[in-house]
There are 2 protein chains.
Amino acid sequence: METYQSEKAYLDDLSKRAALPEGFQCAVGSLQFQPVEKIYAKPLKMNLTLIKADNPVSSFGAVFTKNKFPGAPVLIGKKRLQEKTMQAIFVNNKISNVCTEGGEAAAYAICQEIGKACNISADSIFPASTGIIGWKLPVQDMIKAIPGLTAKLGRSEMLGAAQSIMTTDAFPKLRSIDVGEGRIWGIAKGAGMIEPNMATMLVFLLTDLDISRENIRYALKEAADLSFNRISIDSDQSTSDSVIIMSSRLKPAVPPEEFQKALNKVCMELAEDVVRNGEGTGHVIQVDVKGHLDEKIALGIGKYLINSPLVKTAIYGKDPNVGRILMAVGDYLGTNDIDLPLDKLRIYMGGVLLFEENQFQLSVDNEEKLYQYMVDTALTPENKGFPEHDKKVVIEVIFGEGGPCRRVLGSDLTYEYIRENAEYRS
Amino acid sequence: METYQSEKAYLDDLSKRAALPEGFQCAVGSLQFQPVEKIYAKPLKMNLTLIKADNPVSSFGAVFTKNKFPGAPVLIGKKRLQEKTMQAIFVNNKISNVCTEGGEAAAYAICQEIGKACNISADSIFPASTGIIGWKLPVQDMIKAIPGLTAKLGRSEMLGAAQSIMTTDAFPKLRSIDVGEGRIWGIAKGAGMIEPNMATMLVFLLTDLDISRENIRYALKEAADLSFNRISIDSDQSTSDSVIIMSSRLKPAVPPEEFQKALNKVCMELAEDVVRNGEGTGHVIQVDVKGHLDEKIALGIGKYLINSPLVKTAIYGKDPNVGRILMAVGDYLGTNDIDLPLDKLRIYMGGVLLFEENQFQLSVDNEEKLYQYMVDTALTPENKGFPEHDKKVVIEVIFGEGGPCRRVLGSDLTYEYIRENAEYRS
């Protein structure tokens, strides 16, 4: 990623990578509606986004939230995984269709209308919703808007799709990569730290590379595990998180490892975009846990660190408060009764050694270096419409010599996080 | 607890419950020192607190942090549990003696001097430190201050002890209860949400009731499990958390269950004081998880809810954003692969039904009620020097009919939390 000086420069750059893989079209539209719940006097605006394959595709897959109260679209999406072919993804923002009366029926009714309008099977459409939890979809208003939406299907609205699925995301997120004769393309919205109830992460991935259903599902799981499952903004997992992939299979296959590598890259970039995107994000934090550790423990340490409010606020405050990092590591290990040889533990931040041989390695010089590092990596935690830079605060937690590196990404904890998440109704 | 109109009213009330059990004395003092680390140009003030039994006591016990990087006093305290008798507790604030070179030797040297000054065994003293992690104790300055401190030992400084162990605690915390012919008495400081590095919780409990070492240790473990182990302010567990109890055995024993009940009460009140005490606390939150659930799962749900940044910020913002509560419950169960019959789940806040029969039970009336409830239970999240009231936001998560209730306490997430934890060096 580069440093952008303006929203226009960012959108121009995004346009360059926005071309859809062959065999797909998309459309965006919007509607005004009066929420049934009548809490707001004014009508609200809802964006609609439709992604459609020219023909039914047999290679598709999805991973969904593990939350035990999934939204209606997630419940339907899980069933759709059994279908022989799929052909479209339909997304609305503003209201996430979760645990309301008739929620599944509403989603089915909308799929039915889209199927009719596009002349495709209603059962070949993945629904996806993001927005306020607990409200009902304005089904009739949405159905009225469908003919206007499907009429707009084309290949020129790829950046528009990335914008249309946003709720209060700071900037649209679109990544793509050319592989062999084809492409892998993805857009994302979310998560956390965005508008209160709208912390859902949605990711839609498209490719024209030939790949079997079995292989695309395997590749998606691995890519999601390495990317979206290793980011944490506020440790909460939404009821609607969904990552969906489809292939038109119109371009020659590439070797599986090449496909995997490319898909991993697109997913990791989108995951980092999601973290950097938060209006309240003051720093992107990367924790690398290295050593011959069980993967679950290594990721556990990384996620615990990245979710520690004391670590997060210290980084926001540009405070080289390294005691908190050690405290978080020790708390995770102690609380979970995990015994590791701690005498070989070293901790670095921004390349500066903080802890070694059971002792803090503090000095006024180092503290000054760390302070400057946190100044340098800071983001303006306000909605600027584009990512300012791609710098991160890198914390390394190293257990002895050698072994793999497990990486997690997260963000700091800022005033803006509180404002975004506490004040939207006030 | 009552509602206090002023700090004086609170301190007056505290004085009424401050009488020490028989057989103990205490003293408080302070010193000025220049930190070795020379980060601050100005000298700092350190408070010293000494609690001493008139005679060596055989009935004593302690529970310590599970953090894998315990401070030197915790390492020493664990060894002290093997001693035949103990006689004193010595506490300093400002610097927590954690992972520095020579940290244990420093604590031993100070115990040595106190032992000499009081004519007691140096091995019969529990050291305790709270404050900045990573700095070294000013041992020579502390040793110089000891004769002045021990000279002040007496029975009139009980409230002073509660004040002296504070770091940036908003108000002193002292609880006591008369049982049979004796008393149980306790003071606490901490935790979290207080000054950055000073998130340590220290609790010192004294009684004159006759009880064996085995029984007092059993009782302490149960009381701590029900109180201090069920509070969570920011999910971080300090490197120095310590709860220490001693009995002078000067008063007749009471039945074990009576002692347990009284000790539980003192500990639960102190635990709630610790939560309410935070300068950044805008609401005290109580989560009751009810039903025939495994205790670990019930407490897991409660702690997950109380640590969810989205739930915490919603309550701070007085936002009846009930979707977040359900999301957090579902996230905990999903992430941990726990299957529970969710169709019997009901969720209440402040007595208002939020969720039942797999659906949100929302209405404009209920949202207004919840908003008023959060207005009513709010604390001014600034240091007032006294707790304003004892109101809590009560969330009930009920799985079917009957079964035990497991309770956890925590606080919301406020601007003041960020300020306290991000800005202290700026």
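**Notes on a helix pair and some strands**

1. Let's start with a helix contact in chain B. Leu310(B), Val311(B) and Ala314(B) of α9(B) meet Arg324(B), Ile325(B) and Ala328(B) of α10(B); contact here means C-beta atoms, placed from the backbone, within 7 Å. Sorted by class, the contact of α9(B) with α10(B) has 5 nonpolar residues, 1 charged and no polar ones. Nonpolar covers Ala, Val, Leu, Ile, Met, Phe, Trp, Tyr, Cys and Pro; charged is Asp, Glu, Lys and Arg; the others, including Gly, are polar.

2. A quick word on ground rules. This is a predicted model, in which local features need pLDDT of at least 70 and side-chain atom pairs count only at pLDDT 80 or more, while totals for chains, interfaces and linings use all residues. Residues are numbered from 1 along each chain as its sequence is written, with chains lettered from A and ligands numbered from 1 in the order in which they are written. Helices (H or I, at least four residues) and strands (E, at least two) are DSSP runs, numbered from the N terminus.

3. How do the two helices cross? The axes of α9 (residues 309–316) and α10 (residues 323–335) of chain B come within 9 Å and cross at roughly 160 degrees. That makes α9(B) roughly antiparallel to α10(B) (under 35 degrees is roughly parallel, over 145 roughly antiparallel, 65 to 115 roughly perpendicular, the rest oblique). Axes are lines fitted to C-alpha atoms, for helices over the stretch in contact, and angles run from 0 to 180 degrees between N-to-C directions.

4. Is α9(B) mostly covered or uncovered? Mostly covered: 8 of the 8 residues in α9(B) are buried, Lys312(B) and Tyr316(B) among them. Buried means 20 or more other C-beta atoms within 10 Å of a residue's own, exposed means 12 or fewer, and partly exposed is in between, with C-beta atoms placed from the backbone. Just after α9(B), Lys318(B) has a positive phi of about 55 degrees.

5. Chain A has positive phi values to look at too. Arg249(A) is not a glycine, yet its phi is positive, about 55 degrees. Arg249(A) sits in strand β12 (residues 242–251) of chain A and is buried, with 23 other C-beta atoms within 10 Å. Asn358(A), also not a glycine, has a positive phi near 65 degrees. Asn358(A) lies in the loop between β15 (352–356) and β16 (359–360) of chain A and is partly exposed, with 13 other C-beta atoms within 10 Å.

6. Now for a sheet. Chain A has an open sheet of 4 strands, in the order β1-β2-β4-β6, with mixed pairing; strands pair if DSSP finds at least two bridges between them. Its edge strands are β1 (24–33) and β6 (125–129), each pairing on one side only. From one strand to the next, the twist averages 15 degrees. Strand β4 (residues 86–92) of chain A is parallel to β6(A) over 5 bridges, and Phe90(A) has Pro127(A) as its bridge partner in β6(A).

7. Last, look at β6 (residues 125–129) of chain B. All 5 of the 5 residues are buried, so β6(B) is largely enclosed by the rest of the structure. Ile125(B), Pro127(B) and Ser129(B) are on one side, with Phe126(B) and Ala128(B) on the other. Strand β4 (residues 86–92) of chain B is joined to β6(B) by 5 bridges, running parallel.

Terms used. Two residues are in contact if their C-beta atoms, placed from the backbone, lie within 7 Å.
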